[in-house]
Amino acid sequence: MGTTHFFETLDSTNTYAVRHFDELSDGDLIVAKEQTAGRGRLNRKWISKEGNLFASYVIKEPFDEPFYATMVSSLSVVAAVKKLYPQLEPVIKWPNDVIIGDKKLCGILCEGVIREGKLKGIICGIGVNLNLTEEELSAIDQPAISLSVATGEKINLKNFTEQLAIYLNWYYITGNNHASELYRIWKDRNAITGKIVNLLPPSGEVFSAKILDISEDGRLIAEREDGEILYFSCGDVKLKPSNNLK
Ligand code: BT5
């Protein structure tokens, strides 16, 4: 489908893709060997050292439901990891992480491109830890893992990027043609439904809740200990150590 554009260094592949959106084609993938200003949600930083994957996938036919872009991205990372390393069991942690065990392997940042008040496209930013060392991972302020630590092998960026691009195109097409099928597959790969977790809403205090379901528009449906049912379209989930995530 699209073309993969490789760069040595960018501030952020997302920033580049948003800036150059009009010149890019549907399905293009922007990849940088390193980022000098890698971003997470809410202005958080993404550790972007050379040897890891920093990519932005360009969607020019945005889904009716923007959360589908995050689904396409996380499913593609899971599929690429499983294709190359079948012994690993990556799963999706709402809203935008891929984890192995309870450790973050990948973060996703999808950003809309608006022109004249209309959503023209979505940039799917994907960061995957390919070769971060144990020492580098331990400097991150939440449990994190890389494919090299998980497998004991050095991970090749080009191989991983090739696989990722194949799955991104595949799931993008699936999402556009069979949206409910994409949602079904995504839910199946998702780690938190049915689990009791600590939920951190965008504003407010952390609390313990059981995850009942995730709706097709990406909203988390959670039951608080007092029985109240709450819906969240963003926030963070902290897994409890007692959860078996397999
Ligand atoms: C994310 O945000 O997880 C989205 C990360 C998206 C990064 C990609 S790289 C390509 C593209 N270009 C960009 O500039 N961004 C995208 P969030 O859920 O807010 O998580 C951020 C948090 O993850 C940080 O506050 C740290 O706790 C943690 N973190 C930072 N770097 C990490 C890393 N390399 N591995 C694991 N966790 C990390």
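1. Let's begin at N43, which is exposed in this predicted model, with a relative accessible area of 74%. You will find N43 in the loop between β2 (29-35) and β3 (53-59). Its backbone is worth a look: N43 has a positive phi of about 60°, although it is not a glycine. For background, most residues other than glycine have a negative phi.

2. Please look for E116 in the loop between β6 (103-115) and β7 (118-128). Is E116 buried or exposed? E116 counts as exposed because its relative accessibility is 84% and the cut-off for exposed is over 50%.

3. Next comes a peptide bond to check by eye. The bond from W94 to P95 is cis, with omega near 0°. As a reminder, most peptide bonds are trans. P95 has its place in the loop between β4 (91-93) and β5 (97-100).

4. Now to the overall layout. According to the domain assignment, the protein has domain 1 (4-188) and domain 2 (196-243). Taken over C-alpha atoms, the centres of domain 1 and domain 2 are separated by 23 Å. The contact takes 16 residues from domain 1 and 14 residues from domain 2.

5. How much area do domain 1 and domain 2 bury between them? The two bury about 1,200 Å², with 57% of it on carbon and sulfur atoms. On the domain 1 side, K93, W94 and Y183 supply 48% of the area buried against domain 2, more than any other three residues.

6. Polar contacts link 9 residue pairs across the interface of domain 1 and domain 2, counting pairs with both residues at pLDDT 80 or more.

7. Which elements of domain 1 each supply at least two residues to the side that touches domain 2? They are α2 (67-84) and α6 (179-188). The largest share of that side, 5 residues, comes from α6. By residue type, the side of domain 1 that touches domain 2 divides into 9 nonpolar, 1 polar and 6 charged residues.

Conventions. Residues numbered from 1 in each chain as written. Predicted model: local features only at pLDDT ≥ 70, side-chain atom pairs only at ≥ 80, totals over all residues. Heavy atoms only, no water. Helix = DSSP H or I, 4+ residues; strand = E, 2+ residues; numbered from the N terminus. Buried < 20%, exposed > 50% of the residue type's maximum accessible area, 1.4 Å probe, protein only. Domains from an automatic or database assignment. Contact = heavy atoms within 4.5 Å. Buried area = accessible area lost by both parts, 1.4 Å probe. Polar contact = N/O pair within 3.5 Å; in protein donor to acceptor, adjacent residues only side chain to side chain. Nonpolar A, V, L, I, M, F, W, Y, C, P; charged D, E, K, R; others polar.
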